[in-house]
Amino acid sequence: MQYLVSVIHDQPGLATPDEQAAIDVFNDQLQADGHWVFAGGLAAPSSATVIDNRGEEALITDGPFLESKEHLAGFWVLEAADLDVVLRLAAEGSKACNRKIEVRPFL
């Protein structure tokens, strides 16, 4: 089963060099163990654009769809046998990147 493992952050800065090194080691281990599907870091929320085309014309708005202290800083898409496995991996990822993590299964 595949899971979205979201990295949640409350600061505007990127990962420190030590955090990035730990993330790289974590990513290498995910790949070696066959859990890696895809991952990526995201630019600051201020770089977001929201498109709402539910009406007669598309409404395009600069900035995030939700103003919040915390934001999505990056993510992993992981393959795991069950929730227990991905929760263990997410705990390791949280330690590596020094941020909170949210885990959600794909439908």
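Trainee: Quick one to start: which residues does His9 touch, leaving out those up to four places away in sequence?
Mentor: His9 touches Lys69, Glu70, His71, Ala73 and Arg99. Bear in mind that this is a predicted model.

Trainee: Noted. Where is the place of His9?
Mentor: His9 sits in strand 1, which covers residues 2-9.

Trainee: And is His9 buried or exposed?
Mentor: Buried, because its relative accessible area is 10% and the cut-off for buried is under 20%.

Trainee: What joins the side chains of His9 and Arg99?
Mentor: A polar contact of 3.2 Å links the two side chains.

Trainee: Strand 5 keeps coming up. How many of its residues are buried?
Mentor: Seven of the nine residues in strand 5 (residues 71-79) are buried, and the strand is mostly covered.

Trainee: How many bridges join strand 1 to strand 5?
Mentor: Eight, with the two strands running antiparallel. To find your way around that pairing, look at Ile8, whose bridge partner in strand 5 is Leu72.

Trainee: And over how many bridges do strand 2 and strand 5 pair?
Mentor: Five, again in the antiparallel sense, with strand 2 covering residues 36-41. Phe38 stands opposite Val77 of strand 5, and Gly40 stands opposite Phe75 of strand 5.

Trainee: That leaves strands 3 and 4. How do strand 3 and strand 4 pair, parallel or antiparallel?
Mentor: Antiparallel, over four bridges, with strand 3 at residues 49-52 and strand 4 at residues 59-62. One of the pairs to look at is Thr49 with its bridge partner Asp62 in strand 4. A hairpin of six residues joins strand 3 to strand 4.

Trainee: Changing topic to the helices. At what angle do the axes of helix 1 and helix 2 cross?
Mentor: Roughly 155°, and the axes of helix 1 (residues 17-32) and helix 2 (residues 83-97) come within 7 Å. That crossing makes helix 1 roughly antiparallel to helix 2, because angles over 145 degrees count as roughly antiparallel.

Trainee: Which residues meet between helix 1 and helix 2?
Mentor: On the helix 1 side you have Glu19, Ala22, Ile23, Phe26 and Leu30, and they meet Leu89, Glu92, Gly93, Ala96 and Cys97 of helix 2. By class, the contact of helix 1 with helix 2 has seven nonpolar, one polar and two charged residues.

Trainee: How many Å separate the C-alpha atoms of Ala32 and Ala73?
Mentor: They are separated by 24 Å, and the two residues are 41 residues apart along the chain.

Trainee: Last topic, backbone. What phi does Asn98 have?
Mentor: A positive one of about 60°, although Asn98 is not a glycine. For context, most residues other than glycine have a negative phi.

Trainee: Where is Asn98 found?
Mentor: Asn98 is in the loop between helix 2 and strand 6. Asn98 is also exposed, with a relative accessible area of 54%.

How values were computed:
Residues are numbered from 1 along each chain as its sequence is written. This is a predicted model: local features need pLDDT of at least 70, side-chain atom pairs count only at pLDDT 80 or more; totals for chains, interfaces and linings use all residues. Side-chain values use heavy atoms; hydrogens and water are left out. Buried means under 20% relative accessible area, exposed over 50%, partly exposed in between (1.4 Å probe, protein chains only). A polar contact is a pair of N or O atoms within 3.5 Å; within protein, one must be able to donate a hydrogen and the other to accept it, and residues adjacent in sequence count only if both atoms are side-chain atoms. Contact means heavy atoms within 4.5 Å. Axes are lines fitted to C-alpha atoms, for helices over the stretch in contact, and angles run from 0 to 180 degrees between N-to-C directions. Angles under 35 degrees count as roughly parallel, over 145 as roughly antiparallel, 65 to 115 as roughly perpendicular and the rest as oblique. Ala, Val, Leu, Ile, Met, Phe, Trp, Tyr, Cys and Pro count as nonpolar, Asp, Glu, Lys and Arg as charged, and the others, Gly among them, as polar. Two strands pair if DSSP finds at least two bridges between them.
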